[in-house]
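Have the sequence and the 3D view open as you read.

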Amino acid sequence: MQPSRALSPAERCIKTVWANRAWFAALIAIAIGIAAAVTAAQPTLYRSQALLSVRAPGERVAENVRTHRPVLGPDGHIYDENDPDRQSGPGRYAPRLVAPGFVTSAAHDAGVLPSGAALDDRQAAAWVSAERIEGADLIRLSVWQPTPEAAQQLAAAIVARGLDVNRREEAAMPAPELQRIMTVVDAPTRPSAPAYPRWPLNLAVGFALGVLIASAVAAVRGS
């Protein structure tokens with residue numbers, strides 16, 4: 001009779017897992033349960049998004065293209081649309097849209113923050129983010145709130161205040177080519193489902209961790 005060959009480490013692990021499949025499945029179920037409990041304890045948040053453009057006036061851009069005149073940024077230096085550091089329009093306005101005082105005023109306008117209350121840096125960052133899209137004169141605004149109505153209302157209030165600040169500040173620019181006009185590309189959305197917590201992702205992570213832990217235990221038991 002031919003002697004049986006020695007099992008490889010992977011084969012021993014699989015054999016151990018199969019022999020102890022009940023507790024292997026139990027470990028995975030426990031990990032998924034913990035992930036579900038942690039996810040359920042997290043607040044439900046809805047996200048409203050808006051897309052803003054901050055660029056030179058269209059007629060000025062057309063004139064510069066026709067005359068081959070270099071485009072200047074608000075800092076007076078030549079503007080390069082392919083260089084994120086020279087995209088001074090979005091770079092100037094994105095931080096303002098998320099400033100605590102600015103978000104506080106917009107929250108009062110939207111009625112999502114009681115009169116007299118104020119947001120600090122941490123709270124404002126949890127409510128609003130403004131991402132400058134590199135390679136384009138665009139800002140992606142994201143707003144999180146416990147209800148879809150509040151998210152859309154706060155996003156709309158931030159956009160309205162941003163447009164008002166832009167009109168006042170750019171009107172004071174000494175030359176039209178230095179102006180950067182803010183326009184709404186996509187109006188604030190009304191979310192139809194919560195964006196947070198992320199149940200599928202969190203449960204998938206719990207499952208993966210459960211498999212990893214159970215596999216590690218099986219490897220130890222089979223060694």
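## The sheet and its helix

Four antiparallel strands make an open sheet, ordered β2-β3-β1-β4 (strands are DSSP runs of E, at least two residues, and helices are runs of H or I, at least four, numbered from the N terminus; two strands pair if DSSP finds at least two bridges between them). At the edges stand β2 (128-133) and β4 (181-186), each with a single partner strand, so one side of each has no neighbour in the sheet. From one strand to the next, the twist averages 25°.

β1 (residues 46-55) runs antiparallel to β4, and five bridges join them. Leu52 has Val184 in β4 as its bridge partner. Helix α7 (residues 148-171) packs on the sheet, where it touches β1, β2, β3 (138-145) and β4, and its direction makes about 145° with that of β3 (axes are lines fitted to C-alpha atoms, for helices over the stretch in contact, with angles from 0 to 180 degrees between N-to-C directions; contact means heavy atoms within 4.5 Å).

## A buried glycine

Gly89 sits in helix α4 (residues 88-97). Its relative accessible area is 0%, so Gly89 is buried (under 20%; exposed is over 50%, partly exposed in between, with a 1.4 Å probe and protein chains only). Beyond neighbours within four places in sequence, Gly89 contacts Val54 and Arg180. Gly89 and Arg180 are 91 residues apart in sequence, yet 5.7 Å apart in space, C-alpha to C-alpha.

## About the model

This model is predicted: local features need pLDDT of at least 70 and side-chain atom pairs 80 or more, while totals for chains, interfaces and linings use all residues. Residues are numbered from 1 along each chain as its sequence is written, and side-chain values use heavy atoms, leaving out hydrogens and water.
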